[in-house]
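Here is a short briefing on one chain. Please look over the sequence and the fold before reading on.

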Amino acid sequence: MPQLLLRLVLSALSGLALVFISAPANLHWMHWFAFVPMIVATRPGPGQRNGLIAYLGGCVAIFILYFWLIETIIRFSSVPWVLALLVHVVFTALFALPYALTFRPLQRMREKLGLWWIVAFPALWVAVEMIPALFPYYHGVSQYRNPLTWQLASVTGVTGLTFLVWLSNATLAEVIFRIQERRAQPWGALIAVVAVLLANVGFGHWRYGQVEEVLEAAPIVRTAILQQNTSMEVRLEESVIDGFQSWIDTTRGVLDDSPDLVIWPEGTLPFNPDEERQARWLGGHSPKSFFSEFAQTFQFHHLIGGGTIERLEDDPQGRQWISHNSAYAFNQ
């Protein structure tokens, strides 16, 4: 039992580490070795419950990382917090399954493939990450704030970095396995893996320099990305007119800086900005003519996140419609 408890603790520590690796802490450097404890917690032979032990660590990570789901459910529905918590527990149970799927065959892979398991295991993780999910977590995304390692994503996508992250963890775990088994270290493989990781950093340095050169020569677009400092509750309670006027006032507050582009975020307006029907509260303008004139008067391009209501043609009373999440652009 103490041995099993130790394995569970090691797995949970790796799951907890993922919380600090991810935003907002963004301790991305930890990711290259954070899952060594979870891998080392696996044992060879049947009946070792490797998948279940890794699943526990995955549950720790998913439960904490996606804890915001509880508040989101409460804010956007009438569901009580107890039921929202239950939904989150179910979500955690389902979306932690990749840890069980990948770790269950780990020791079998090591037995059958020998040292090549340190390549096969990361490849399996990449394959699992390709399975569609509601809120997927790609391990390689942890490197998004490190420009030297992140550049690989421009070639392979984020899963290329997922492969490297797990390659590093698997290699370090193999070192520990060899120490436990009193076997010689695979120095050739270690050198090869270090070379691959350094090559990625070297590529990132070269690629980053190229991008910076292009940016230096590129024209500058002065962009105002607007967001309000009000809660979702306030935004949902205020009237359409008050909400609209608050965005206009916010925009007027940045016009002295002469922006070339003004961006209103997703879901800013609950109506179609390209509506051509005149409205008294818009001073006799239609939404389309108002936004067109607004952009032309102050000489900026305007990108608006809004909703589109498409009424169904076969409903003469206009009681049925389809709602779209849309973006609208008005040119100066």
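**Ile 74 and its surroundings**

Ile 74 touches Val 79, Trp 81 and Ala 84, not counting residues up to four places away in sequence. The model is predicted. Ile 74 sits in helix H4, which spans residues 68-75.

- Ile 74 and Phe 244 are 170 residues apart along the chain, and their C-alpha atoms are separated by 25 Å.

**Nonpolar cores**

- The largest nonpolar core holds 44 residues. Leu 18, Ile 39, Tyr 99, Phe 103, Trp 117 and Phe 121 have the most contacts inside this core.
- At least two residues of this core come from each of these helices: H1 (2-21), H2 (36-40), H3 (50-65), H6 (97-103), H7, H8, H11 (158-181) and H12 (187-217).
- H11 gives the most to this core, namely 8 residues.
- A second, separate core has 21 residues. Among them are Trp 264, Phe 271, Ala 279 and Phe 291.
- In soluble globular proteins, nonpolar side chains tend to be buried together.

**Contacts of Ile 39**

- Neighbours within four places in sequence are left aside here. Ile 39 is then in contact with Phe 103, Leu 106, Trp 117 and Phe 121, among others.
- The contacts of Ile 39 also include Trp 166, Asn 169, Ala 170, Ala 173 and Phe 177.

**Packing of H7 and H8**

- Helix H7 covers residues 106-113 and helix H8 covers residues 117-129. They pack at an angle of about 140°, with their axes 9 Å apart.
- H7 passes H8 in a right-handed crossing.
- On the H7 side, Leu 106, Met 109, Arg 110 and Leu 113 make the contact. They meet Trp 117, Ala 120, Phe 121 and Leu 124 in H8.
- By class, the residues of this contact are 7 nonpolar, no polar and 1 charged.

**Packing of H1 and H3**

- H1 and H3 pack at an angle of about 35°, and their axes are 8 Å apart.
- The H1–H3 crossing is right-handed.
- H1 contributes Leu 4, Arg 7, Leu 8, Ser 11, Ala 12, Gly 15, Leu 16, Leu 18 and Val 19 to the contact.
- H3 contributes Asn 50, Ile 53, Ala 54, Leu 56, Gly 57, Val 60, Ala 61, Ile 64 and Leu 65.
- The contact of H1 with H3 has 13 nonpolar, 4 polar and 1 charged residues.

**The loop between H1 and H2**

- His 31 lies in this loop, between H1 and H2. His 31 counts as buried, because its relative accessibility is 0%.
- Residues up to four places away in sequence are not counted for His 31. His 31 touches Leu 18, Ile 21, His 139, Ser 142, Gln 143, Val 165 and Asn 169.
- His 31 and Trp 166 are 135 residues apart in sequence. Their C-alpha atoms are 8.7 Å apart in space.
- His 28 is also placed in the loop between H1 and H2. At 18% relative accessibility, His 28 counts as buried, because the limit is under 20%.
- Leaving aside neighbours within four places in sequence, His 28 is in contact with Ile 21, Ser 142, Gln 143 and Asn 146.
- Pro 24 is found in the loop between H1 and H2. A cis peptide bond joins Ala 23 and Pro 24, with omega about 10°.

**Backbone with positive phi**

- Arg 49 is not a glycine, yet has a positive phi of about 60°. Arg 49 lies in the loop between H2 and H3.
- Arg 182 is not a glycine either, and has a positive phi of about 55°. The loop between H11 and H12 holds Arg 182.
- Arg 182 is exposed, because its relative accessible area is 81% and the limit for exposed is over 50%.

How values were computed
Residues numbered from 1 in each chain as written. Predicted model: local features only at pLDDT ≥ 70, side-chain atom pairs only at ≥ 80, totals over all residues. Heavy atoms only, no water. Axes fitted to C-alpha atoms, helices over the stretch in contact; angles between N-to-C directions. Helix = DSSP H or I, 4+ residues; strand = E, 2+ residues; numbered from the N terminus. Left-handed = near helix turned anticlockwise from the far one by under 90°. Contact = heavy atoms within 4.5 Å. Nonpolar A, V, L, I, M, F, W, Y, C, P; charged D, E, K, R; others polar. Core = buried A, V, L, I, M, F, W, Y, C linked by side-chain atoms within 4.5 Å. Buried < 20%, exposed > 50% of the residue type's maximum accessible area, 1.4 Å probe, protein only.
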